[in-house]
Amino acid sequence: MNDLSKDVLIGSLFIAGIWSFISGLFVISTVIFATTSLFSNMAGKAHING
């Protein structure tokens with residue numbers, strides 16, 4: 001994945017997490033925020049290492 005697709009993925013997951021939190025779907029929003037955090041951390045480490 002290039003940087004633009006990673007940024008789009010992380011941004012869209014973050015927006016989906018906020019939307020589901022506002023909608024009252026707290027379990028789903030927790031999973032989406034965890035996934036966003038995972039992808040964000042992986043993207044940062046891949047960028048630093050290579």
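Let me begin with Ser20, which, once its neighbours within four places in sequence are left aside, is in contact with Leu25, Ile28, Ser29 and Ile32, contact meaning heavy atoms within 4.5 Å. Please keep in mind that this is a predicted model, in which local features need pLDDT of at least 70 and side-chain atom pairs count only at pLDDT 80 or more, while totals for chains, interfaces and linings use all residues. Residues are numbered from 1 along each chain as its sequence is written, and side-chain values use heavy atoms, with hydrogens and water left out.

Ser20 lies in helix H1, helices being DSSP runs of H or I with at least four residues, numbered from the N terminus. At 6% relative accessibility Ser20 counts as buried, a word that stands for under 20% relative accessible area, with exposed meaning over 50% and partly exposed in between, for a 1.4 Å probe and protein chains only. Its side chain also reaches the backbone oxygen of Gly17 at 3.1 Å, where a polar contact is a pair of N or O atoms within 3.5 Å, one able to donate a hydrogen and the other to accept it.

Now to the helix around it. Ile10, Leu13, Gly17 and Ser20 are the buried residues of H1, and seen down the helix axis they fall within an arc of 100°, so they line one face. The face turned away from that buried side carries the exposed residues Leu4, Asp7, Val8, Ile15, Trp19 and Ile22. Just after H1, Gly24 takes a positive phi of about 95°.

As for the whole protein chain, there are two helices and zero strands, and buried residues make up 16% of its 50 residues.

Notes:
The arc is that of the directions from the helix axis to the C-beta atoms.
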